[in-house]
Amino acid sequence: MNVVASVCDECGGRRFHVVVDDEQGAAGRVCCACGNPAYIADSEEVWEEADPGTACCPCGGEEFEVAVGFELGGDGSVRWVTVGLRCQKDGQPGIYVDRKIDYAPTDHLLSLA
């Protein structure tokens with residue numbers, strides 16, 4: 001599995017507010033430092049069908065470090081995307097999106113953490 005930490009393209013920030021829809025496998029992030037929004041992986045493609053909600057840790061924290069895991073098939077294509085968050089309030093990790101990828105090519109996904 002390749003794991004990529006999310007970094008804001010605008011300011012280099014690593015703390016985000018995150019919205020997720022686990023049914024659609026969609027997630028988006030907004031940088032806590034500069035407010036820059038971004039979709040995670042291919043979430044933009046399914047966003048219109050999604051009903052995202054704000055990610056919230058059981059402790060009440062809503063700021064997270066984000067890491068995206070990409071499970072690769074034997075041919076090197078992405079087969080699974082997992083979005084993990086680490087709460088900045090209590091440090092607890094959690095998986096908020098876990099989605100199978102059933103199309104190709106998938107190389108573009110590795111740059112969309």
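Reader: How many aromatic pairs does the count come to?

Author: Rings of Phe, Tyr and Trp (for Trp, its six-membered ring) pair if their centres lie within 6.5 Å. By this rule the count comes to two aromatic pairs. The model is a predicted one, in which local features need pLDDT of at least 70 and side-chain atom pairs count only at pLDDT 80 or more, while totals for chains, interfaces and linings use all residues. Residues are numbered from 1 along each chain as its sequence is written, and side-chain values use heavy atoms, with hydrogens and water left out.

Reader: What is the angle between the planes for Y39 and W47?

Author: A pair of aromatic rings is described by the distance of the centres and the angle of the planes. Planes under 30 degrees apart count as stacked, those over 60 as edge-to-face, and the rest as tilted. Y39 and W47 are edge-to-face, with 70 degrees between the planes and 5.3 Å centre to centre.

Reader: Where is the place of W47, and with which residues is W47 in contact?

Author: Strands are DSSP runs of E with at least two residues, helices are runs of H or I with at least four, and both are numbered from the N terminus. W47 sits in the loop between β4 (37–39) and β5 (53–54). Contact means heavy atoms within 4.5 Å. Neighbours within four places in sequence aside, W47 touches V19, A26, A27, G28, Y39 and P52.

Reader: Which pattern does the protein follow along the sequence?

Author: The pattern is β-β-β-β-β-β-β-β, and the secondary structure comes to zero helices and eight strands. Among contacts between residues at least 6 apart in sequence, 48% join residues at least 24 apart.

Reader: Is A41 buried or exposed?

Author: Buried means under 20% relative accessible area, exposed means over 50%, and partly exposed lies in between (1.4 Å probe, protein chains only). A41 has a relative accessible area of 6%, so A41 counts as buried. A41 also has a positive phi of about 55 degrees although A41 is not a glycine, and A41 is found in the loop between β4 and β5. Y39, at 34%, counts as partly exposed, and A67, at 28%, is likewise partly exposed. Over the protein, buried residues make up 36% of the 113 residues.

Reader: What radius of gyration does the protein have?

Author: The radius of gyration is taken over C-alpha atoms, and the globule rule is 2.2 Å times the number of residues to the power 0.38. The protein has 13 Å, which agrees with the value near 13 Å for a compact globule with 113 residues.
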